[in-house]
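Welcome to a short tour of a protein model.

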Amino acid sequence: MDFEANYEISRTVDFIRTRNFTKVALQFPDELLKDSTRVAKALRSELGKGVRLYVMADTAYGSCCVDEIGASHVDADCVVHYGHACMSPTSTLPALFVFGKASIDVNACAESLRHCLSTASKHIVVLYGLEYAHALENLKTVMAELLQFSVSNSSVHFAEVACSSINPSGDKMTEKEQLYSHNGVSDIEEVHKYANGNSSLISVDCNKLEPCTKYSLGGLIWNMPVGHKMEDYLLFWIGSENPAFTNVVLTFNNCEIVRYDAEQSNLLKDFAYQRRILKRRYYLVEKAKDANIVGILVGTLGVAGYLRIIQQMKELIERAGKKSYTLVMGRPNSAKLANFPECDVFVYVSCAQTALLDSKEFLAPVITPFEAVLAFSRGSKWTGKYVINFQDLTASTTSEVVNDTEEARFSFIQGGYVEDIQPLENGEHKESSLALAEATEKALNLKNQCTDSVLFKGKARFGAEFFAARSFQGLNMQYENPLPQSYVIGRTGKASAYEDEK
Amino acid sequence: MVKFTAEELRRIMDMKHNIRNMSVIAHVDHGKSTLTDSLVAAAGIIAQEAAGDVRMTDTRQDEAERGITIKSTGISLYYEMTDESLKNYKGERNGNEYLINLIDSPGHVDFSSEVTAALRITDGALVVVDCVEGVCVQTETVLRQALGERIRPVLTVNKMDRCFLELQVEGEEAYQTFLRVIENANVIMATYEDPLLGDVQVYPEKGTVAFSAGLHGWAFTLTNFAKMYAAKFGVDEAKMMERLWGENYFDPATKKWTNKNTGSPTCKRGFVQFCYEPIKQIISTCMNDQKDKLWPMLQKLGVTMKSEEKELLGKALMKRVMQNWLPASSALLEMMIFHLPSPSRAQKYRVENLYEGPLDDIYATAIRNCDPEGPLMLYVSKMIPASDKGRFFAFGRVFSGRVATGMKVRIMGPNYVPGQKKDLYVKNVQRTVIWMGKKQESVEDVPCGNTVAMVGLDQYITKNATLTNEKEVDAHPIRAMKFSVSPVVRVAVQCKVASDLPKLVEGLKRLAKSDPMVVCTIEESGEHIIAGAGELHLEICLKDLQEDFMGGAEIVVSDPVVSFRETVLEKSCRTVMSKSPNKHNRLYMEARPMEDGLAEAIDEGRIGPRDDPKSRAKILSEEFGWDKDLAKKIWCFGPETTGPNMVVDMCKGVQYLNEIKDSVVAGFQWASKEGALAEENMRAICFEVCDVVLHADAIHRGGGQIIPTARRVIYASQLTAKPRLLEPVYLVEIQAPEQALGGIYGVLNQKRGHVFEELQRPGTPLYNIKAYLPVVESFGFSSTLRAATSGQAFPQCVFDHWDMMSSDPLEPGTQAAQLVSDIRKRKGLKEQMTPLSEFEDKL
């Protein structure tokens, strides 16, 4: 495909010119990095000397997010993001998204869609990967022609791309409102209802005078007449099997979904894998309930509201009587996570499309903030609803019911009722007369009595306890062999195979 | 039935010497429930106003349908002894009224946990043995359990009617059969030498053995006959009883007692002469409707019949005559009252078994003395679902003090540690309740020595707990119960409608509460798992779950899932090495199978992480031929820090080794829980750390580098040591007549089972078959067997051991390889095993 068109050079130039940006960071994912110089060259020739361009690569977190930290190293005014994007709102910098244009056989796609429509007795919502957004208009026309002669009471709704640029969220407006205002949806739509955790927005559409529910997910928005549930619709996804699609499957896990693979031009209906993910997440939630020490992994430094959600998580964890540590470690891998063996579970705060992190290699499970809310607030139940975006979570869980029954908690991991550790007391002793007696009692307690259960069964209540239980306590003077040892010549060579090992 | 009001019942509850708490235990189908029914019919306490419209025996519908007991049910009996029969009673008593709290327990091995719970709250046990089938595997199991709890047993040889009607055996032959049954039982009991409990063996001549026919409702002990004959022979009852059992012969011709059979045709054993023959005679007269002969005989025996009863014929007549002559209730109840201990007597020696704390504190003393004025000590042994769904009665026994409605109690759960706040609640007892038949009656309070049900505590008690007064902060809990069976059969459940999931979760929680044995867990793949002791147990659990705890919401149940174990056959073919992610550290390891019996020793807890290293080294070197120094270098056990695998340090002179020990152990705990083949637990593998190369900077050899590496090297060493799968194997015991043997063998062969013992029960046409049967093959085994033997064979399966599957799981196409890929598929893993090259690194 045409290079110019694919990278939308002229649109990018317009965007930069109209807003008078002078320092622009161009963010490329690894697979597009090879084109970065050409893109930069093309842009420079259009923009002239007044605008400085920087190419950014190798983002610290997911390449789908706007790397604001990287951009602020060069003090950039805006970021142009290339390739697959999660469309998470940014917190400081405006961003333009260039999705790229993947090739698609519109006629074949429309044919499959028509086939779906005739076989399924449901209305259809068409969702797609953002790289196919360019073909949407085309598809709509083809579909209109196809449906001209067919008699069907089912209709097709097309989701729209919410926006292709994002302004940082202001203080007063929520990200959501910001998002819609850019798409030309008037700000008058006041009736907010964050129901179902699907960030649906009931609004009165001025044009049609018909109330409708707005859904938005991964940069797409679509309307639904009020009273219609998503379950009544068939989801038609155009695109490959990527995280964006997984998110759709998880969020609308009650809906019937078909996927049109644009590369193979065929229709797929088997999503056992994605369904299995949901069950697996359910297991992880159950496992997290047993945790005493929780590590909060900071998986983004850009997505708007990440500090707030971290704070919210901390409070949540504290309320549950558990201990939390906040860790910033870039993109987590098994070696990095295993450096914190005291953590029983990690909560990964990141953009929606990198949120699901699961691997057999991880020593402790990694869960999303939504799952953490399920796991750490007593009385909340897994109903099958699933929220991946943490922005939706901040809104939906503010009025949380603290159902404080004293009943022992049932742990499905241990297969029985377990006693949760009581929230740490802040050094206050109710029975002060007995305080001294209690202290002396504890002083005579045998330590290291059950280090095994502290170390390997997650019985530690806080990090220090874990460290105290370790068998190696650092260098100490009483070595097995107190005599000084004569020096020996160490190995030489590379660690992968030293000289003497060759 | 005895009509009572709650107040009257409550009055007897204060007389601690006149209470007997006892359970009825036996092998399945030996007639416990039938026998209990006949007792209840005669002496069961029933609420006054409810009399007439409730049936005591009306329990769960499924119990009736299957003809087996599933849940243990408690029933109170009232019995008034005559002064005359009490004249030989030496113990303490208050008057002649007795309250007997009887718990009928299930006999099927799948429900052994119910028996355990019943035994804890009783002091005596009536062991029921079928006189034809004799002592069976479950008789033995429950008897051992009872003795372990210091429960005094009495025996009844049941189904006497079979001797007379079905088999029609002669007196001497019958005597030998009974003798053998009693001896077999005594052999088991003799192994329990307990100075405090004294001699627990049973002797007919001492009156601790009864002979009963539960179905026909009659029973006798030698006491009955001794009383009858004592006057006639002019000797006292005790002397007469001795003569009625054992090597005592009487010759009516010479009217002499001898110790040997004189050989004269009229000389017969005392038991045969005076007990067996008269019964036989009466029965045959009745059966032949020789009424003209019958009435004078009955008159002689002092049995009176009502006129309408005289009209009966054949079996019905026989039943009525025998019930009038030798009523089961009086024989058995008198035996219990005479020979089973009252709570106050039993608690004197049971306190050691029961109380966890020091035996000289006030709580131990109060339990020992069964002191109603002492501090409350109450053990909740099970939770009984109440009629309003979702609530439970906490059912247990008061060992000291009294529990009252509205009282504030301290609830100490199974994980409570004295002095800490863990698993401890202080709550009000909303109501104390006693069972009167099917009806529950609230009472003000219940004193020690009695069983009680409490309302309002179910939220705080998970399965069992110790209750004491609010103020008694020093009290230690009562020891937790030990179960003899383990949950090995598992099914995955899910709800048909996804939105029912909260219902399912809630249902599983309640199920776990209502059954002491069932375990509800979740798999890594997110499937809910229910684990039970056997197929039947699971079936009942699932039924309860769906109908009672989920309000009928539909569930989908998977095929039974069996968990396997992974082990190795040989020592690793080479030392394998894995590098840390940064390539700066290397671990070298080998795997080898453990010595025979070592894994079992770890399972039993004879060897474990908490042992003193020296004593552990001693056992290992003496029993398993380990090097003494090596035995001291065991780093850990796993999985769960106690499992039957270990890591041993074989390195010499490695610097910083201590520093990475915890990380290696963490990797091992993880790997041993999920083996390399199919992520099943490992078993009986010993991992030897051969060498370690570490980076000189501590930052490069942290947990992050070592833990994943340790896991990989453990997998690599497992894969190089000829990995194998272990499958669980049941010990099956089947009793069947000879003509059914062919069918049994056929089914066993087809199910990969093998018979290792086949014994004919002397004096019976019955065979006792013991076989090993893989658990995988056991599903549907009972029904197949029943079909193949036209219902004559009934198997009892108990988990016995792990058996190695000979085929190589690494070789494609073998049975083990197929199994591995099936398991992996079920767990949602890649069907292909991760190859060795992923775990092992080369220099």
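In which sense do strand S15 and strand S17 of chain A pair, and over how many bridges? Strand S15 (residues 293–298) of chain A and strand S17 (residues 345–349) of chain A run in the parallel sense, with 5 bridges between them. Please keep in mind that this is a predicted model.

- Strands S15 and S17 belong to an open sheet of 4 strands in chain A, with the order S16-S15-S17-S18 and parallel pairing.
- At the edges you will find strand S16 (323–328) and strand S18 (366–367) of chain A, each of which pairs on one side only.

**Where chain B meets chain A**

- Chain B brings 61 residues to the contact, and chain A brings 47 residues.
- Between them the two chains bury about 4,700 Å², with 56% of that area on carbon and sulfur atoms.
- Three residues of chain B, Ile522(B), Glu524(B) and Asp662(B), supply 13% of the area that chain B buries against chain A, more than any other three residues.

- In one salt bridge, the side chain of Glu361(A) meets that of Arg711(B), at 3.5 Å from N to O.
- Polar contacts link 5 residue pairs between chain B and chain A, counting pairs with both residues at pLDDT 80 or more.
- On the side of chain B that touches chain A, the elements giving two or more residues include strand S24 (519–522), helix H23 (657–673) and helix H24 (703–719) of chain B.
- By class, that side of chain B has 23 nonpolar, 16 polar and 22 charged residues.

**Salt bridges in the whole structure**

- Over all chains, a search finds 54 salt bridges.
- Arg350(B) and Glu149(B) form a salt bridge, with their closest N and O atoms 3.4 Å apart.
- Arg350(B) sits in helix H16 (residues 343–354) of chain B and Glu149(B) in the loop between helix H6 (137–148) and strand S7 (152–158) of chain B, so this pair ties together parts that are 201 residues apart in sequence.

Key
Residues numbered from 1 in each chain as written. Chains lettered and ligands numbered in written order. Predicted model: local features only at pLDDT ≥ 70, side-chain atom pairs only at ≥ 80, totals over all residues. Heavy atoms only, no water. Contact = heavy atoms within 4.5 Å. Buried area = accessible area lost by both parts, 1.4 Å probe. Salt bridge = Lys/Arg side-chain N within 4 Å of Asp/Glu carboxyl O. Polar contact = N/O pair within 3.5 Å; in protein donor to acceptor, adjacent residues only side chain to side chain. Nonpolar A, V, L, I, M, F, W, Y, C, P; charged D, E, K, R; others polar. Pairing = 2+ DSSP bridges.
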